[in-house]
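Here is a walk through one protein model, from its overall layout down to single residues.

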Amino acid sequence: MATDEQLRNKYCVVTGGTSGIGLVTARRLVEMGAHVFIVGRDKNRGEDAQTSIRLASGTDGAEFLRADLSNQDDVRLVAEAISSRCDGLISWSTMSAECSDGDNSVHRDWK
Ligand SMILES: NC(=O)c1ccc[n+]([C@@H]2O[C@H](COP(=O)([O-])OP(=O)(O)OC[C@H]3O[C@@H](n4cnc5c(N)ncnc54)[C@H](OP(=O)(O)O)[C@@H]3O)[C@@H](O)[C@H]2O)c1
């Protein structure tokens, strides 16, 4: 189990982070100090998840990125959006969380 100090200022990606076990994972990572990209297909569900995490954690540590991971173009777009903000290796698997060191230069204009 990572400590809060290990996760502080790290970037994490939770695919399927907009509901169920992924949402719980994303919320806990944000509570522990990480910046978390939550990935899912549905914009409303994603925005609701982002809001619920903000209310629970009291921080803006969750950022929704819309992508259908069964679509290769969406996979490339979301990978580019995340890698443009993060140093280090980004790996992907459905319903997983991966962390890397970030440079804190988060841009919030990706749709
Ligand atoms: N819940 C459990 O206790 C449990 C236990 C063991 C294993 N699992 C497994 O863990 C996984 C998640 O379970 P869950 O109950 O948390 O499911 P869930 O509530 O249905 O969550 C699935 C998540 O994946 C996203 N998603 C689905 N297809 C996607 C796609 N093509 N591209 C991007 N995002 C996609 C959904 O968002 P959008 O619909 O907005 O895309 C949602 O955020 C499942 O494979 C389940 O079999 C669950």
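What follows goes from the fold to the strands, then to the core, the ligand shell and a loop residue.

Keep in mind that this is a predicted model. Of its 111 residues, 35% count as buried. Among contacts with a separation of 6 or more, 57% link residues 24 or more positions apart.

**Strands and crossovers**

Let's start with β1. How many of the residues of β1 are buried? The count is 6 of 6, so to speak a strand that is mostly covered. Both of its faces are covered, with K10, C12 and V14 buried on one side and Y11, V13 and T15 buried on the other. The chain then goes from β1 through α2 to β2, making a right-handed β-α-β crossover.

β3 is also mostly covered, with 4 of its 5 residues buried. To get there, the chain leaves β2 and passes through α3, and this β-α-β crossover is right-handed.

| Strand pair | Sense | Bridges |
|---|---|---|
| β1 and β2 | parallel | 5 bridges |
| β2 and β3 | parallel | 5 bridges |

I38 is a handy landmark here. In β2, I38 stands opposite V14, and its bridge partner in β3 is F64.

**The core around A26**

Which residues touch the most other members of the largest nonpolar core? They are A26, L29, V36 and I38, out of 24 residues in that core. β1 (10-15), α2, β2, α3 (43-57), β3 (62-66) and α4 (72-83) each put at least two residues into this core. As a general point, nonpolar side chains in soluble globular proteins tend to be buried together.

Why does A26 count as buried? Because 31 other C-beta atoms lie within 10 Å of its own, and 20 or more is enough for that label. Leaving out residues up to four places away in sequence, A26 touches V14, G17, V36, I38, I53 and A62. The C-alpha atoms of A26 and E63 are 10.0 Å apart, although the two residues are 37 residues apart in sequence.

**The ligand shell**

Now to the ligand. There are 18 residues around it, and G16, G20, G40, R41 and D42 come nearest. By class, this shell has 5 nonpolar, 9 polar and 4 charged residues. Which elements each supply at least two residues of the shell? Those are α2 (20-31) and β2 (35-40). The largest share, 3 residues, comes from α2.

**A loop residue**

Finally, have a look at L69, which sits in the loop between β3 and α4. Is L69 buried or partly exposed? L69 counts as partly exposed, because it has 16 C-beta neighbours inside 10 Å, whereas a buried residue needs 20 or more. In sequence, L69 and V39 are 30 residues apart, and their C-alpha atoms are separated by 8.6 Å.

Notes:
Residues are numbered from 1 along each chain as its sequence is written. This is a predicted model: local features need pLDDT of at least 70, side-chain atom pairs count only at pLDDT 80 or more; totals for chains, interfaces and linings use all residues. A residue is near a molecule or strand if its C-beta atom, placed from the backbone, lies within 6 Å of it. Ala, Val, Leu, Ile, Met, Phe, Trp, Tyr, Cys and Pro count as nonpolar, Asp, Glu, Lys and Arg as charged, and the others, Gly among them, as polar. A residue is buried if 20 or more other C-beta atoms lie within 10 Å of its own, exposed if 12 or fewer, and partly exposed in between; C-beta atoms are placed from the backbone. Two residues are in contact if their C-beta atoms, placed from the backbone, lie within 7 Å. A nonpolar core is a set of buried Ala, Val, Leu, Ile, Met, Phe, Trp, Tyr and Cys residues joined through C-beta atoms within 7 Å. Two strands pair if DSSP finds at least two bridges between them. A crossover is right-handed if, with the strands pointing away from the viewer, the path from the first strand over the helix to the second runs clockwise.
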